[in-house]
Amino acid sequence: MTTLPAAAEDITDSYPENLDHEDLLVRRGRRSGLYTFVAIHSTIRGPSLGGCRMWGYADARQALRDALRLSRAMTFKSAVADLPLGGGKGVIMTAPGVALHGELRTAALLDFADTVEALGGRYIAAEDVGTSSRDMRLIAGRTRHVAGLPRRMGGSGDPSPFTALGVESAIRASCERVFGLSSLRGRSVAVIGLGHVGSRVAKRCARAGARLVVGDIDPHKRRLADELGASWLAPDKALEADVDVVAPCALGGVLDHRSVSRLRCRIVAGAANNQLADESVADRLAAREILWAPDFVANAGGIINIAEEQHGYDAAAARRRVRRIGEILLEIFDRADGAGVTPLAAAMDLARVRLAVS
Ligand code: NAD
């Protein structure tokens, strides 16, 4: 029997060893000798989908912890996005600092493919930290339970443009809530991290008439700032810029009690995963009357796009669904206001409702 997580903090790191998962498969690869893990948190709403992470861990406990906590987070992300998917996660465990290449990498990926196949479709693998679309093509040679393959192979391709579209929708919905208008014309937006997603978010906001501040640790990204007529700042300064919206599009953990006390924006809405150092930061943001669009809602465009593969991929249909992220957020903001809780708590409640009625 599957029990549902009881608290908002379940999506964070706080109780990573809680076992409320349906399945956990740990196998030692017969080709590579490496351990592969697949955690299936929930299939209540559909097959569990989640990335395959190839990462160096000091011990198996850490790898297991990642698989358990990230699979649970996927359950909530897909439920809030109203997708017919559950939550799962794969891990290929390597040693710290060891990147796999050549024959060993191929062997590890094929071993992982066998683990996926053994689950008979209850887990669908996708690209994640440490794996690429090329790796997914290799895995697809041994199991059909792989998503996010290139378009020419019938897959949904690069998720980043869809994630960026969803982040724009989240920014617009947040502006509607705070300023009464979803238009970005004349708004100021700070985009931190100009990678696959952030560069597209910046372009979309510029096209919509926003004034931009951007920052990245990579100085080469300054070229894009010049192209867009954006002000270029060091990332920590961009975070504290006097703007309407801050869009974190780099790494997680960017919002802690210290950084939140320095924010000068009214809204934080971006693509980065795990933006809050811990869930108490959601209360701190609310206390400062800064509207936070929960990251796992704002950045769901990529998974919404992948989910379209389940019934024959159609990019236009995917875009229509991704644009609904704004509506979902407005519902979450309403629920938060109504219950006197943070958007994080309201989003978790919405997920629980959807999991209970599936
Ligand atoms: P990416 O690796 O393409 O880009 C990250 C960018 O951030 C790079 O330009 C890098 O130089 C910059 N960066 C790294 N550390 C930084 C720092 N401390 N300050 C400022 N800039 C920094 O990654 P991406 O695919 O654009 O993803 C960005 C974030 O969005 C990640 O947190 C990712 O987990 C999340 N996300 C991405 C997708 C997707 O579709 N790609 C989907 C959901 C969530």
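Predicted model: local features only at pLDDT ≥ 70, side-chain atom pairs only at ≥ 80, totals over all residues.
In what follows, Lys and Arg count as positive and Asp and Glu as negative, while His and the chain ends are not counted. The place of a charge is taken as NZ of Lys, CZ of Arg, CG of Asp or CD of Glu. On this basis the chain carries 47 positive and 42 negative side chains, and the centres of the two sets are 5 Å apart.

Residues are numbered from 1 along each chain as its sequence is written, and side-chain values use heavy atoms, with hydrogens and water left out.

The overall form comes next. For 358 residues, a compact globule would have a radius of gyration near 21 Å, and the 20 Å of the chain agrees with this; the radius is taken over C-alpha atoms, and the globule rule is 2.2 Å times the number of residues to the power 0.38. The C-alpha trace spans about 60 × 45 × 40 Å along its principal axes. Of the 358 residues, 56% are buried, where buried means under 20% relative accessible area, exposed over 50%, and partly exposed in between (1.4 Å probe, protein chains only). The accessible surface comes to about 15100 Å², and carbon and sulfur atoms account for 49% of it; areas come from the Shrake-Rupley method with a 1.4 Å probe, and for residues only the protein chains shown count as cover. Among contacts (heavy atoms within 4.5 Å) between residues at least 6 apart in sequence, 65% join residues at least 24 apart.

The chain has 14 helices and eleven strands. Helices (H or I, at least four residues) and strands (E, at least two) are DSSP runs, numbered from the N terminus, and two strands pair if DSSP finds at least two bridges between them. Strands of a sheet pair through backbone hydrogen bonds, either parallel or antiparallel.

Strand β2 (residues 35-42) is in turn joined to β1 (residues 23-28) by six antiparallel bridges, among them one between R28 and Y35. In the hairpin of β1 and β2, six residues lie between the strands, and G33 takes a positive phi near 75°.

Two helix residues complete the picture. T163, in helix α4 (residues 160-179), is buried at a relative accessible area of 10%. Beyond four places in sequence, T163 is in contact with V197, A271, A298, N299, G301 and G302. V201 belongs to helix α5 (residues 196-207) and is buried at 1% relative accessibility. Not counting residues up to four places away, V201 touches A164, V167, I171, V191 and C249. V201 and P161 are 40 residues apart in sequence, yet their C-alpha atoms are 8.6 Å apart in space.
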